[in-house]
Amino acid sequence: MGASSDVPALRRGLAVLRLLAGRPGPMSAAAVARELGLPRSTTYHLLAELAAAGFATHFPEERRYGLGVAAFELGSAYLRHDPLERLARPLLRRLVDQLGRTAHLGVLHGAESLYVVREQPRQPTTIVSDVGVRLPAHLTASGRALLAHLPAAQVRALFPGVSSFVDRTGRGPADLPALRRLLAAERRRGWAVEDGYVTAGFASVAAPAFDHGGRPIAAVTVTFRHVCDAPGGECGGTWPELAAEARRAADELTARLR
């Protein structure tokens, strides 16, 4: 066991995490110190340790700190262990029975989408997005449905450079400005669309579900066959009828999580 003096430091570190989690965007160290009534030197030390462990992210240009990838992974891991799957599975099953298409529940795992539930129709099609599969979040509808509701600074931290943008089929955003434009459009529309970005011949629509704090926690996705041969690889379809059903399921999951 560590020394008893470690316990107050742990409590302060957890308080910093709770504070960052409850704010819509990054905070300065001075603001964190003021909110928690901590000395500035202690606050800087705590933030540095949290950043080193991946639970906080430092944005040097802004002189601010936000939640790190490890914090999102920890929160997603708790829900993946049982509650989220139990709450979502009957909603996905009903969605599949209604639409006759494959439905998934995906969460963010760093800069990737991780599929935690899959329900298929009686005559399923073979697709790559099985349970446990991770795919680049900027290419998947489920990933972008969640990214669209994260702070811009957090998105930048997840995709810091061009090398972060994996290409699978020659389609999809290839840099941060393109991703931001796509996320802004999908946030306004209310759902995300993926047309052959992951696997040629398949498309998806996805809608986000939110936790009790209003944070995007998972996305309900409907995947179906669609061949797009348009020049530039963009057919422009948004499938509002399918998206409406995915949004209805995501909204019900949000209500259950709250």
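## Close-up views of a predicted model

View 1. Helix H4 (69-80) and helix H7 each provide at least two residues of the lining of the second largest cavity. This view, like the others here, comes from a predicted model. The residues around the cavity are Val69, Phe72, Leu108, Gly110, Leu150, Gln154 and Leu158. Sorted by class, five of them are nonpolar and two are polar, with no charged residues. The volume of the second largest cavity is about 50 Å³, and a search of the whole structure finds two cavities of 30 Å³ or more.

**View 2. The second largest pocket and the elements that line it.** Strand S2 has the largest share, with three residues. In terms of class, the lining holds 12 nonpolar, seven polar and two charged residues.

**View 3. Threonine 221, a buried residue in strand S8.** Look for threonine 221 within strand S8, which covers residues 216-225. Its relative accessibility is 2%, so threonine 221 counts as buried, the cut-off being under 20%. Beyond its neighbours within four places in sequence, threonine 221 is in contact with Thr102, Ala103, His104, Ser142, Ser204, Val205 and Ala206.

**View 4. Leucine 182, a partly exposed residue in helix H8.** Leucine 182 sits in helix H8, residues 176-189. With 23% relative accessibility, leucine 182 counts as partly exposed, because that value falls between the 20% and 50% cut-offs. Setting aside residues up to four places away in sequence, leucine 182 touches Arg144, Pro173 and Tyr197.

**View 5. Helix H9 from end to end.** How far apart are the end C-alpha atoms of helix H9? They are 25 Å apart, which agrees with the 26 Å that the 18 residues of helix H9 (residues 240-257) should span at 1.5 Å a residue. While you are here, pick out the buried residues of helix H9: Leu242, Ala243, Glu245, Ala246, Ala249, Ala250, Leu253, Thr254 and Leu257.

Terms used
Residues numbered from 1 in each chain as written. Predicted model: local features only at pLDDT ≥ 70, side-chain atom pairs only at ≥ 80, totals over all residues. Heavy atoms only, no water. Helix = DSSP H or I, 4+ residues; strand = E, 2+ residues; numbered from the N terminus. Nonpolar A, V, L, I, M, F, W, Y, C, P; charged D, E, K, R; others polar. Buried < 20%, exposed > 50% of the residue type's maximum accessible area, 1.4 Å probe, protein only. Contact = heavy atoms within 4.5 Å. 1 Å grid on protein atoms, 1.4 Å probe; cavity = no way out; pocket = protein on both sides within 12 Å on 5 of 7 lines; lining within 4 Å. Points joined across faces, edges and corners; volume = space filled by probe spheres on them. Expected span 1.5 Å × (residues − 1).
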